[in-house]
Amino acid sequence: MNVTKKHFSTKQLAFQELFIGTLIYAVVLGFLNDYTSLVDAKSFSTIFFAAITLEVLTYLAFQCKAKIINWLGNKDGVLYRLMMFFCVWLIMFVSKFIFIWALDMLFGEYIEVQGFTGILVVVLCVTVIHRCAYIVFRRLGSKDFSQVPLSRDSND
């Protein structure tokens, strides 16, 4: 059972990305709220709605990044490579300020992330966890794991 992206529609992949990303954001925000001073939230509901907001904004930032890479990535020359690098860096850098602004505008005093450093830690944790989950997902679909039974009760 080799599962590749060819078997899923664009809408399915977007849903998967947003759903899993939201859950990962909720876990990271919850842990940082409980164990650090980087995040201060009044309730889990606030954390969950903030997770939805951050995942949508992250998804949009990555879509912008992909469009820049598609637009400039096919062009030859050092100038285009530098321009692509700068544009991607700018999108990723500015997006963190948009994240902070959006949380402040939507949730006000109900959730507070300690500035640029706080949101950077949140996004880095989410990105690492999300990439690790994706690696596990891909490996589970590879031929090496296809012989592993789905449950312990399986007689295969």
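Mentor: Buried means under 20% relative accessible area, exposed over 50%, and partly exposed in between, with a 1.4 Å probe and protein chains only. This is a predicted model: local features need pLDDT of at least 70, side-chain atom pairs count only at pLDDT 80 or more, and totals for chains, interfaces and linings use all residues. Residues are numbered from 1 along each chain as its sequence is written, and side-chain values use heavy atoms, without hydrogens and water.

Trainee: What share of the residues in the chain is buried?

Mentor: The chain has 156 residues. Buried residues make up 27%.

Trainee: In what order do the elements run from the N terminus?

Mentor: Helices (H or I, at least four residues) and strands (E, at least two) are DSSP runs, numbered from the N terminus. The chain has four helices and two strands. Their order is α-β-α-α-β-α.

Trainee: Is α2 roughly parallel or roughly antiparallel to α3?

Mentor: Axes are lines fitted to C-alpha atoms, for helices over the stretch in contact, and angles run from 0 to 180 degrees between N-to-C directions. The axes of α2 (residues 44-73) and α3 (residues 78-107) come within 10 Å and cross at roughly 160°. Angles under 35 degrees count as roughly parallel, over 145 as roughly antiparallel, 65 to 115 as roughly perpendicular and the rest as oblique. So α2 is, relative to α3, roughly antiparallel.

Trainee: Is L90 buried, partly exposed or exposed?

Mentor: L90 sits in helix α3. Its relative accessibility is 35%, so L90 counts as partly exposed.

Trainee: How far apart in space are L90 and K65, C-alpha to C-alpha?

Mentor: In sequence, L90 and K65 are 25 residues apart. In space, their C-alpha to C-alpha distance is 9.5 Å.
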